[in-house]
Amino acid sequence: MDKTQPHPLFKLATELGPLLVFFAVNAKFHLFVATGAFMVAIVVAMIASYVVTRHVPLMALVTGIVVLVFGTLTLVLHDETFIKVKPTIIYSLFAAVLGGGLLSGRSFIAIMFDQMFNLTPKGWRVLTARWALFFLGMAILNEVIWRTQSTDFWVAFKAFGVVPLTMLFAIAQMPLIKRHHLDPASLEASEAEAGDVRKG
């Protein structure tokens, strides 16, 4: 199925919107009400993404499922630990998938981020390793923050700390991507030349 590329602002809204809802509702009520609102906002964001693009990115889908599962546990058991440990589970899962793929000689970055780069094998390996370490670091950071800081601080970090950190890290990878980028035209020419050599 063809996927429509959404406007960057739409993509940002579907990613940041549920976090802002979580922050706003927590500030006005408390964490349990905010958790319910967060779950609804996540579902709305996924539906909006599908309506606009006819597709839900893999990371958003996995995140949404984990939010619904741990959010439900939080509300049913009335224990805020579940929603607080949710990011740790998600980041650890992403780090394990990327790290495991790297050990088996494969890169799941393109699938995970729902986008393709034409990179050299070394470029793929380095980019995969960097993102695996980033997700591992975010898992550790989440554990440190929710265990040592107040609930309000943790919620604020989720809303206003996670996205900027992720964006800054992604931007920091651009030199690597440019350095190991393979131009599609050059790649096709090289493959055609290799084919001619084999025929000759």
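**Entry 1: the largest cavity**

I looked up the largest cavity and found a volume of about 30 Å³. I am reading a predicted model here, in which local features need pLDDT of at least 70, side-chain atom pairs count only at pLDDT 80 or more, and totals for chains, interfaces and linings use all residues. Residues are numbered from 1 along each chain as its sequence is written, and side-chain values use heavy atoms, with hydrogens and water left out.

A note to myself on the term: a cavity is a set of points, on a 1 Å grid over the protein atoms alone, where a 1.4 Å probe fits but cannot get out. Its volume is the space filled by probe spheres set on the points, with grid points joined across faces, edges and corners. Rolling a probe the size of a water molecule over the atoms shows where empty space is left.

How many cavities of 30 Å³ or more does the structure hold? I counted one.

Next I listed the lining (residues with an atom within 4 Å of a point). Pro87, Tyr91, Met138, Asn142, Phe157, Lys158 and Val162 line the largest cavity. Helix H4 (81-103), helix H6 (121-148) and helix H7 (151-160) are the elements that give two or more residues to this lining. I sorted the lining by class and got five nonpolar, one polar and one charged residues. In this scheme Ala, Val, Leu, Ile, Met, Phe, Trp, Tyr, Cys and Pro are nonpolar, Asp, Glu, Lys and Arg are charged, and the others, Gly among them, are polar.

**Entry 2: the whole chain**

I then stepped back to the chain, whose secondary structure comes to ten helices and zero strands. Helices (H or I, at least four residues) and strands (E, at least two) are DSSP runs, numbered from the N terminus.

Of the 200 residues in the chain, 34% are buried. Buried means under 20% relative accessible area, exposed over 50%, and partly exposed in between (1.4 Å probe, protein chains only). The chain exposes about 11500 Å², and carbon and sulfur atoms supply 70% of it; this area comes from the Shrake-Rupley method with a 1.4 Å probe.

I also checked contacts (heavy atoms within 4.5 Å). Among those in the chain with a separation of 6 or more, 68% are between residues 24 or more positions apart.

**Entry 3: salt bridges**

I found two salt bridges in the structure, each a side-chain nitrogen of Lys or Arg within 4 Å of a carboxyl oxygen of Asp or Glu.

One joins the side chains of Glu80 and Lys84 at 2.8 Å, N to O. Glu80 is partly exposed at 27% relative accessible area, whereas Lys84 is buried at 5%.

In the other, the side chains of Glu143 and Arg147 meet at 2.7 Å, N to O. Glu143 and Arg147 are about one helical turn apart, because four residues separate their positions in helix H6. Glu143 is buried at 18% relative accessibility, while Arg147 is exposed at 57%.

**Entry 4: two single residues**

Where does His180 lie? I placed His180 in the loop between helix H9 (174-179) and helix H10 (184-199). His180 counts as buried, with 12% relative accessibility. Leaving out residues up to four places away in sequence, I saw that His180 touches Asn118, Leu119, Thr120, Lys122 and Gly123.

Last, I turned to Gly137, in helix H6. Gly137 is partly exposed, at 34% relative accessible area. Gly137 and Ser92 are 45 residues apart along the chain, and their C-alpha atoms are separated by 9.1 Å.

Definitions and conventions: 1 Å grid on protein atoms, 1.4 Å probe; cavity = no way out; pocket = protein on both sides within 12 Å on 5 of 7 lines; lining within 4 Å.
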